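Please read this report alongside the sequence and the model, which are shown next.

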Amino acid sequence: MRVLIISSPVDTHFLPMLPLAEALLDAGHDVLVTGQPDVTGPARDAGLRAVTYGDHFHYEDLLGGRGPGGPRPIETAGRPPAQKIQAAAQLFRNHTGYVLPDYLDLARAWEADLVVSDHMDFTAPIVGEVLGIPSVQHRWGVNPTGEHMLKLTLMWLGPMCERLGLNSVPRPTLILDPAPPALRSAEAPEGRPVRPVPHTGGTTPRPFAAPPGRRVAVTLGGHTLDLGGLPLLRRVVDALGRTGGVEAVVSVPDRFRADLGTEPEGVTFVADSAPGVLFPGSDLAIHHGGAVPLLGAAALGVPQLVLPQVGDEFVAGDKVAGAGAALSLDAAEEQNSDARLGDSIGRLLAEPEFRTAAAGLKAQIDALPGPAEVVGLLQELASRQEVSA
C-alpha cells in the first residue's frame, strides 16, 4: 500500500501522525510525506521520505504576536472567543487553493492508494475523491471545530471542487481521533479512536535524579517563545526555584538559551522538547496546551499546568482541567502572577486528586487501539475503499 501523508504547514500538526507513519513502515507499506518545509523537515528528521513544495509558512506570523521581544498574544488580545478559535479552520481553507494542484499531481504520479492528513488540511479529501482513493483525517488533539463551523468552512471550497468535476466538497472517508473519551469534543464529527504516542524525536527519556514527588518538566514550545514567551518561561523557572525541593527539567531552544539567564538550584535547562523525553517519571508537566505535550502528558499519567497562549490551546486546557488532571491559567494576569504560578505548582505537586485523575486519563488512553492496530483498518479501507466511521 502506498500512503501519501499531507500536513497543514505547522510541525506540531504533523507530529501526531508520525506514530501512524512509523507503524505503516513497520508493516511494510510505502509512505511519502508532502507539504511545506515546516513539516517535511521534521518528516525527514524522523527518517521518512518527503517531497517539499513552496517556502516556509511561518505560522507564528499569523498568531497575533509581535516577535520574541514583544507581548504575547494573550497579553494583547486575551482569550479569544470560541467562534474565533473555531475560525482558524478558515485560515487553512484559504491555503488549500495554493497547494492542491501540486499535491494532486504528486498523488497521481506516485499512484497513491491512500491519503492521510491532519484535520486542518482540506486538500486530502479532495485528492482522494478526484483519484478515487480513500482519505483519512488524523486529528492532532482536542478538536475545537464543530460541525457548524466546518460546514461554513467547506462551503467556500465548493467552486474549486466543481472545477475538478466533483458534485460536492468531499469529507474524509475516515476520521482518526487520538483524544481519550474525557477530552473529546462533543461538537466535532465523530471519529475512530487511535492511541496517542508521546513524541521522542528518537531520543531516550531523560532520567530524574530526585525521588518521585517533586519532579517537574517544562516545555512552552518554540512558537510560544517566538511570540514573546521568554519572560513567561523565566517566570515559571523562578517559581520552580522558589518552590523548594524540586528537580526541574526545562526545555530551552538553543536560540533562546543566552537570553534566559541562570539556572536556579534544582533546575536544568535542556535543548530537548519532546514529551516522550521530558515527561516520563515526572510528577508535573508545565506546557502551553499544544496537542503534542498535552496528550503526551495524558498518555504518561502526569498532572499538568497549562498556560495557553493561542487558539485551541485554551480549549485543550479547559478539557484536561475539566477532567481533573490539570490546572489551566487562561488569562495573562494569572500567568504573569508569581503568586498564582507558585500556588498552582504547589497544588499540583501536593494534592493527590490531580495524580488520580491523570492516572484515569492514562487508563483511557491505554485502552485505545494503537497505531499498529489502526494500520489493519487502513489496509481494509484501501482494499474496500469504504468504511463506516
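Predicted model: local features only at pLDDT ≥ 70, side-chain atom pairs only at ≥ 80, totals over all residues.

## Charged pairs

The side chains of Glu334 and Arg340 meet in a salt bridge, with 2.8 Å from N to O, where a salt bridge is a side-chain nitrogen of Lys or Arg within 4 Å of a carboxyl oxygen of Asp or Glu. Glu334 is buried at a relative accessible area of 18%, whereas Arg340 is partly exposed at 36%; buried means under 20% relative accessible area, exposed over 50% and partly exposed in between, with a 1.4 Å probe and protein chains only.

Residues are numbered from 1 along each chain as its sequence is written, and side-chain values use heavy atoms, with hydrogens and water left out.

The structure holds 15 salt bridges, and one of them pairs Arg2 with Asp30, the closest N and O atoms being 3.6 Å apart. Because Arg2 lies in strand β1 (residues 2-6) and Asp30 in strand β2, this pair ties together parts that are 28 residues apart in sequence; helices (H or I, at least four residues) and strands (E, at least two) are DSSP runs, numbered from the N terminus. Both partners are partly exposed, Arg2 at 27% relative accessibility and Asp30 at 34%.

Asp338 forms a salt bridge with Arg235, and here the closest N and O atoms are 3.8 Å apart. Asp338 belongs to helix α16 (residues 338-350) and Arg235 to helix α10 (residues 222-243), so the bridge links parts that are 103 residues apart in sequence. Asp338 is partly exposed, with a relative accessibility of 40%.

## Helix α3 and its cover

Within helix α3 (residues 37-45), the buried residues are Pro37, Asp38, Val39, Thr40 and Ala43. Their cover includes α1 (11-14), β2 (30-35) and β3 (49-52), contact being heavy atoms within 4.5 Å. After α3 comes Gly47, which has a positive phi, near 90°.

## A nonpolar patch

Leu152, Met155 and Trp156 make a nonpolar surface patch of about 340 Å², and Met155 lies in helix α8 (residues 147-155). Patches are made of residues with over 30% relative accessible area and no salt bridge, like charges being joined within 9 Å and nonpolar side chains (Val, Leu, Ile, Met, Phe, Trp, Tyr) within 5 Å; accessible areas come from the Shrake-Rupley method with a 1.4 Å probe, and for residues only the protein chains shown count as cover.
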